[in-house]
Amino acid sequence: MYSYSGRILHVDATTRQSRVQEVSAEFLKKYLGGVGLASKLVYDNTPKGCDPLGPDNALCFAISAFAGTTMPVGTKHGVASKSPLTGFIGDSLSGSHFSEMIKRAGWDGLVIKGAAPEWVVVFIDDDDVQFLDATRYLGMGTIESQQAIRRDLGDENIRVSSIGPAGENLIRYAMIDNDGRQVGRTGNGAVMGSKKVKAIAIRGSKPITVADPEGLLQETLKLIEVSQGSATQKYRVLGTPTNVLNMNAMGTLPTRNFSETTFEHAEKVSGEYMKEHYTVKAVGCSGCSIACEQWAAVKEGKYKGAIAGLDYESLFALGPNCGIGELPPIIHLAQRCDELGMDTMSAGVVVSWAMECYERGILSKEDCDGLELKFGNDEAAAALVEKIAKREGIGDLLAEGTKRASEKVGKGSEHFAMQVKGLEMPGYDVRGMKTFAMGLAVGTRGPCHNRSLAYEADVKGEVNRFTVEPGRGKIAKEKEEYAAVFDSLVLCKFLRNCFDDFFADAARIYTMATGIPLTAEELKATGERVWTLKKAFNIREGWTKADDWLPGRCLHDPMPSGPGKGVFITEDELRMEIDDYYQARGWTNEGLIPKSKLIELGLEDIAEDVGVDNGVMSIPASAEAAASEEAN
Amino acid sequence: MATQGYQHVICDPTKCIGCRMCEYACSATKTGAFDPSLSRIRVVRIEPITMTAITCRLCADAPCITACPRDALTRSEKNGAILVDEDKCDGCGWCVEACDFGAVVLNPATRNAEICNLCEDQPEGPRCVQFCPKDALILATPEVLRQQARREIVARLFEELAAED
């Protein structure tokens, strides 16, 4: 076997036992790696209905078929478990050196189950698995603990994934950090914390062999060249913060907890302004030819010394969305979230929800531990982030995420809890992006711009972004599957415009790396297989149609400004789009998957678990009405 | 440590993004597999943003040559690279200790010291330079670097003067 090892390492933190699962080339070809393989491992290794923060949940890592080779942007890994935020699949990706090291230690994936009685570091040294006492690392930040573990083990080549205080304290949106890159979303850091695993350290000594080294090197050179051109300019020059002004111009920049769609201080928190005044360095993940990560540093004033790699999503969530109109506090907040080990996006949206509650009198100053939690109060936001990580005072409520916090506080605050399925929303106001609105509603891990690229249709003008019509479902389906292929190979999507014919090129390069024959059609089908598998997991865990929906604010509050002033997405519009989407997917009216569909996709092993008998499908009423209207 | 006028691979830390493409390309070229532990160029990253790549600097009076008890290391007359005689080298590692830059690799499989040979067998020259996506790596002599630095500083000065007008 080339590139892959055909081996998955299972570690039980309770018993300290480990075992090896051999997997075939056929199995690996089916799920590829990353999100696909990690999701399959979660499906197979978690019992139905398990507590996400209990010992039965499986925290699964899966490598990229390209990790540790020169294939640009391919050294990434996926992590998945049952999410403590959503109760559904929680899959997340990270870049960089950790993926390479899992592979060089001779593993395609890691499955961590159980819960240690005392805090441990799991040290995987090729085939050897050791449990080290983690007491001395408790309370340490993410990067700090990685440095300390490397120092204590006496080898700088060891790669470490670790959680910060947020993961230790089971903040539901805690993340796992490796070398300053994050498995950011859906709370995998809390799952790791529930197992009392502070860190996973890996050292691998094996070379990675590929089927056609010279072929892969030549493909690499081509992609390196193309990826210095116009196809990646946006990412290389300003990084994703370039989106601030784009979103503001479109009237879709979430501002003050998504209550506004344009921000009066957008210019001062823009990618352009950041580049001019704060950016000190562009950094790449391992094997990256693009380097989108813009590190910004504050050199004077109240936040002097703050430094963070700042992307658009962190920036929107902690900046405009909290009414904060200057970069220094945003850089500070992003740095603290990264060190404390919590997802910047969920943290920002949780803080903005609390701010709106405060402004509306739903939470009093007393409720907020004396903090004056007005929009734009950066010091209060900074204090709140620290409290959340420690679950101190109001931080304990907010550590639960917006869904649970708003259910507890009530008083209408659910209306503006900006979450779907329990995961906080990304940086797009979808009232002005109606294809993406449905894309976020139906997302398997909750609302996500990385799993659904449906926003491309709205942003690029492929459709009228303020209206809906049948056909959007098919667009969303194809964009989801396209994303799922990138997320499973794994390749970073920022390379997506660098291929002549993505599926054909990627399939060919996959074969060069692994020696496993793969056609463009087979690769494309993998996208649908992976997406459907994730949906199947959700169905097994109790998903119903009501879970595919949007927050009240998107469905009832007209946008107050911008090009889409007065627009919102109606419940009927969203219902129609979702029905259209289920139909495009070949699912039932209720969004369930027919057994025949699962079998067709090669998921026959789970067809009995979650599939419904055929014959209950019918054309959704709304699509039927649209069709007959067309006929008229 | 003074250097002779030989070309060697030099990294500009302001351009280096820490991607380690040079390590992957070097090891694949030298061993046929991707194994950064055998790469003759290594990237060092000190969090959060300090990063650069280091390889053999072709030192004058190279201490690795002096340190070798078996006279296995010699300097190439063609390009100044440090050559390792595989038959004489027994992997004792004194050259590793002598090198101030950590540029000597000990290959546990062959029990040989391995040092950047500037890819003299590659038609395009050093593979690490070829694969560096950000042109942070160049093959140059110290004098060429000095010339470049002078040109850049003068160009910048005139840009600033022009901007002030």
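These questions and answers walk through a predicted model, from its overall build to single residues.

Residues are numbered from 1 along each chain as its sequence is written, while chains are lettered from A and ligands numbered from 1 in the order in which they are written. In this predicted model, local features need pLDDT of at least 70 and side-chain atom pairs count only at pLDDT 80 or more, whereas totals for chains, interfaces and linings use all residues.

Q: How many helices and strands does chain A have?
A: Helices (H or I, at least four residues) and strands (E, at least two) are DSSP runs, numbered from the N terminus. On that basis, the count for chain A is 26 helices and 17 strands.

Q: Why does the radius of gyration of chain A agree with a compact globule?
A: The radius is taken over C-alpha atoms, and the globule rule is 2.2 Å times the number of residues to the power 0.38. For 632 residues a compact globule would come near 26 Å, which agrees with the radius of chain A, 23 Å.

Q: What percentage of the residues in chain A are buried?
A: A residue is buried if 20 or more other C-beta atoms lie within 10 Å of its own, exposed if 12 or fewer, and partly exposed in between; C-beta atoms are placed from the backbone. Of the 632 residues in chain A, the buried share is 62%.

Q: Which domains does the assignment give for chain A?
A: The bounds come from an automatic or database domain assignment. For chain A it gives domain 1 (7–203), domain 2 (227–424) and domain 3 (431–631).

Q: Which helix supplies the largest share of the side of domain 1 of chain A that touches domain 2 of chain A?
A: Two residues are in contact if their C-beta atoms, placed from the backbone, lie within 7 Å. By this rule 34 residues of domain 1 of chain A are in contact with 27 residues of domain 2 of chain A. On the domain 1 side, α3 (97–104), α4 (142–153) and α5 (165–168) of chain A each supply at least two residues. The largest share, three residues, comes from α5(A).

Q: Which residue of β2(A) is the bridge partner of Leu9(A)?
A: Two strands pair if DSSP finds at least two bridges between them. Strands β1 (residues 7–12) and β2 (residues 17–22) of chain A run antiparallel, joined by six bridges. They form a hairpin with four residues between them, and Arg16(A) in the turn has a positive phi of about 65 degrees. In β2(A), the partner of Leu9(A) is Val20(A).

Q: Which residue of β6(A) is the bridge partner of Asp12(A)?
A: β1(A) also pairs with strand β6 (residues 109–113) of chain A, in the parallel sense and over five bridges. In β2(A), Asp12(A) has Gln17(A) as its bridge partner. In β6(A), the partner of Asp12(A) is Lys113(A).

Q: Which strands stand at the edges of the open sheet of six strands in chain A?
A: The strand order is β2-β1-β6-β3-β4-β5 (chain A), with mixed pairing. Each edge strand has a single partner strand, so one side of each is left without a neighbour in the sheet; the edges are β2 and β5 (89–95) of chain A.

Q: Which helix packs on the sheet and touches β1, β3, β4, β5 and β6 of chain A?
A: Its direction makes about 25 degrees with that of β4(A). Axes are lines fitted to C-alpha atoms, for helices over the stretch in contact, and angles run from 0 to 180 degrees between N-to-C directions. The helix, residues 34–45 of chain A, is α2.

Q: Which helix of chain B gives the most to the side that touches chain A?
A: The contact takes 20 residues from chain B and 26 residues from chain A. The helix that gives the most, with five residues, is α1 (residues 21–31) of chain B.

Q: Is His556(A) buried or exposed?
A: His556(A) lies in helix α22 of chain A. Its C-alpha is 9.7 Å from that of Arg431(A), 125 residues apart in sequence. With 12 other C-beta atoms within 10 Å, His556(A) is exposed.
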